[in-house]
Amino acid sequence: MKTNNPPSTTGVREPVWPKVLSNYRKPRRTRSAIELAITLVPFALLWALAFAAVSYGIWWGLLLIIPAAGFLLRLFIIQHDCGHGSFFANRHFDNWTGRAIGVLTLTPYDYWRRMHAKHHASTGNLDERGVGDIMTLTVAEYKALSRWGRLRYRLYRHPIVMFGIGPIWLFLFEQRLPIGMMRAGAEPWISTMATNLSVVLLATAMIWLGGVGPFFFVHLPIVILAASIGVWLFYVQHQFEETHWSQGSDWEFQEAALHGSSHYDLPGVLRWFTGNIGIHHVHHLASRVPYYRLPEILRDHPELSEVGRITLRDSLRSVPLVLWDETSRRLVSFRKAKALG
């Protein structure tokens, strides 16, 4: 992996950010435990209240699904930090915390952790697309497809598929097998099968306690809503107009991390529920930094705040950007690609 840092467009050499940010890697374990508690306990209470409401026919209780999904999403962020070894900075505690949360998020932790590590090692690299990311074709690749190939790609990138059908397929079905690691040894299989068994046992207990109806009207909608929001976040973290892609010897870790990931500047409440994952460019520069310390970095290094910054409104404009134009080095829409000739 290249780590040399070329001069910036201003002619001034950028700091070696991973080295600078290493000072923030140490978690505060009491803080980590509190973060876990204030996320898991409200999730459990909201889930139980919604479950009880539906069991007794109080259907307005389904509104509790929305905040419950927010807390489940936050649990996934904690699981994500555990995968990077940054939550407790103790391999044993991080891994078992991640595995336990993975049963709730329907995510085989050890399998996902290995896939996600590949994503971090190859983000923004045109030569290594398709591993733990949103598949993105170049304009030339898209135009070289058959009519059926273009239709499939258009369907894949359609918002209903990307943020609706896709998350359901990914979390409920695809992650039941170690797709992409079928021949990568025993660990991915053990991870997926153990998670599947735990999910079945948990679902059986839920149905035994409250019946089939509450399970399908409460738990599955919470998981699906949280999954859809999670996929949206992952999408806008890398799919924005001024993102960075390169290939071959032009690919460089710091450049790809800093400019190939966005700073999704969300309102305070949404930042809390998303575990600061919107500060994604910093996360890619230093993935061992706990999520609750990411704001410290922006405070101490304000020059990072405007790099790749997009607002909530900006992110909505990123949805039509589906192809990488290697000439302009920007993501473009199907319409723009057609106009390019």
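## Helix α10 and its kink

The bend at a residue is the angle between two axes, one fitted to the seven residues ending there and the other to the seven starting there. In this predicted model, helix α10 has a kink of about 25°, and the kink is centred on Pro221. Helix α10 covers residues 212–238, which makes 27 residues, and from its first C-alpha to its last it reaches 39 Å, close to the 39 Å expected at 1.5 Å a residue.

## The nonpolar core

The largest nonpolar core of the model holds 54 residues, and those with the most contacts inside it are Phe43, Leu72 and Ile222. At least two residues of this core are supplied by each of α2, α3, α4, α5 (109–122), α8 (159–173), α9 (186–210) and α10. The largest share, 13 residues, comes from α10, the helix whose kink is centred on Pro221.

Because its relative accessibility is 34%, Ile58 counts as partly exposed, a class that lies between buried, under 20%, and exposed, over 50%.

## Trp96 in helix α4

Trp96 lies in helix α4, which spans residues 91–105. With a relative accessibility of 51%, Trp96 counts as exposed, since the cut-off for that class is over 50%. Trp96 and Gln79 are 17 residues apart in sequence, and their C-alpha atoms are 9.7 Å apart in space.

Notes: Residues are numbered from 1 along each chain as its sequence is written. This is a predicted model: local features need pLDDT of at least 70, side-chain atom pairs count only at pLDDT 80 or more; totals for chains, interfaces and linings use all residues. Side-chain values use heavy atoms; hydrogens and water are left out. Buried means under 20% relative accessible area, exposed over 50%, partly exposed in between (1.4 Å probe, protein chains only). Helices (H or I, at least four residues) and strands (E, at least two) are DSSP runs, numbered from the N terminus. The expected span of a helix is 1.5 Å times one less than its number of residues. A nonpolar core is a set of buried Ala, Val, Leu, Ile, Met, Phe, Trp, Tyr and Cys residues joined through side-chain atoms within 4.5 Å.
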